[in-house]
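The sequence and the model are shown below.

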Amino acid sequence: MPKWSIVLINLARLGKINLTKPLNAYAYETNSGHFLRCVLKKPHRRDQIAELVSREGEVGVDALALRFGVSVETIRRDLTKLEDEGVLRKFHGGARPVPRRQRLHVEESFEARMAHERYEKKALAQKLTQVVTPGEIIFLDTGSTTLIACETLKTIEGLTVITNSVAAADTLTFQSETKVYLLGGAYARGNSQTVGPMVIEQIGRFRADHAILTPTGIDATAGVTDSDPDEAEVARAMIKAAQNVCFLTVPSKFGRRAGFHVCDLDMVQTVLTERPPPADHLHALQAAKVALP
């Protein structure tokens, strides 16, 4: 029985409130005609949300807020936490159980990804100053997170960037002294990038202090994966020519798997993320000696 129920029952025994008229699982009418809302503490509420989603399948945010007597925003935060822990999967307006067999992830358009989790990506960009120092040479791949990170990178003095992202090259050189080498190859307009054998050959001509990359997913068993074969090939080449490999990863990418393998976790030195990943992925990263600043 939740702790608040015990407290209310004790009060009832004293004759202070009447619990015989429950309005729902978390609200009661007092003997004076007023309503008393009883709010579970976060750990208890989240446990019951997880149990409810597991039992009933898809559950809406509004229904959960009404059931637990809290705001919709509180429920959304609860669902985000539970998704990060791998307990459930969010969708627009609610949550559903984790599928027993996870499908490989296919990414949305670049424009859609630029709008998604933008706040989290900006927060990640600020963390790059803990990894990249003035005067260093870095590889930078194509991704919404790396493009957003360019505004932070261009403030680091004396930086040299080697990239296949046309958009990143343009951002880095606008009102900035950052030196940029744009890799030439077949132009893929959708992601504003160059790909193919010419890009891979040119990467081999460089050596860098860091490869700053964005994956489609990082998984405890599958490692780092990408949904695009050309982008996976570019990432592998950059990893091979860099002294340090750093992935920028928003929390939703942990546990996600895509169709093309980039590298195992023991090839990664650093993962920058907004908050710690779910326990199984955290343990796998720690076992591979990956730093999470």
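Leaving aside its neighbours within four places in sequence, with which residues is aspartate 78 in contact? Apart from those neighbours, aspartate 78 contacts Arg45, Arg46 and Ile49. The model shown here is predicted. Aspartate 78 belongs to helix α4, which covers residues 72–84. Its relative accessibility is 1%, so aspartate 78 counts as buried.

**The parallel sheet**

An open sheet is built from 6 strands, placed in the order β9-β8-β7-β12-β15-β17, with parallel pairing. The edges are taken by β9 (179–182) and β17 (270–272); each has a single partner strand, so one side of each lacks a neighbour in the sheet. On average, and with direction ignored, neighbouring strands of this sheet are turned by 25° against each other.

At one end of the order, strand β15 (residues 242–248) pairs with β17 in the parallel sense, over 3 bridges.

Is phenylalanine 139 buried or exposed? Phenylalanine 139 counts as buried because its relative accessibility is 0%, and the cut-off for buried is under 20%. Apart from neighbours within four places in sequence, phenylalanine 139 touches a list of residues that includes Ile162, Ile203, Phe206, His210, Met238 and Ala241. Ala241 is 102 residues away from phenylalanine 139 along the chain, and the C-alpha atoms of the two are separated by 8.9 Å.

**Antiparallel pairs**

Strand β14 takes part in two antiparallel pairings, one with β13 and one with β16. The table sets them side by side.

| Pair | Residues | Bridges | Partners named |
|---|---|---|---|
| β13 and β14 | 217–219 and 223–226 | 3 bridges | glycine 217 and threonine 225 |

**A helix pair**

Helix α6 (residues 118–127) packs against helix α7 (residues 144–153) at an angle of about 50°, and their axes are 8 Å apart. This angle makes α6 oblique to α7. The crossing of α6 past α7 is right-handed.

Which residues of α6 and α7 meet? On the α6 side they are Arg118, Lys121, Lys122, Leu124, Ala125 and Gln126, and on the α7 side Ser144, Thr145, Ile148, Ala149 and Thr152. The residues of this contact divide into 4 nonpolar, 4 polar and 3 charged.

**Two residues with positive phi**

Most residues other than glycine have a negative phi. Serine 192 has a positive phi, near 50°. Serine 192 sits in the loop between β10 (186–188) and β11 (193–195). With a relative accessible area of 17%, serine 192 is buried.

Lysine 289 is not a glycine either, and its phi is positive at about 60°. Lysine 289 lies in the segment that comes after α11 (279–287). Its relative accessibility is 74%, so lysine 289 counts as exposed. In short, serine 192 is buried, whereas lysine 289 is exposed.

Definitions and conventions: Residues are numbered from 1 along each chain as its sequence is written. This is a predicted model: local features need pLDDT of at least 70, side-chain atom pairs count only at pLDDT 80 or more; totals for chains, interfaces and linings use all residues. Side-chain values use heavy atoms; hydrogens and water are left out. Two strands pair if DSSP finds at least two bridges between them. Helices (H or I, at least four residues) and strands (E, at least two) are DSSP runs, numbered from the N terminus. Axes are lines fitted to C-alpha atoms, for helices over the stretch in contact, and angles run from 0 to 180 degrees between N-to-C directions. Buried means under 20% relative accessible area, exposed over 50%, partly exposed in between (1.4 Å probe, protein chains only). Contact means heavy atoms within 4.5 Å. Angles under 35 degrees count as roughly parallel, over 145 as roughly antiparallel, 65 to 115 as roughly perpendicular and the rest as oblique. A crossing is left-handed if the near helix is turned anticlockwise from the far one by less than a right angle, and right-handed if clockwise. Ala, Val, Leu, Ile, Met, Phe, Trp, Tyr, Cys and Pro count as nonpolar, Asp, Glu, Lys and Arg as charged, and the others, Gly among them, as polar.
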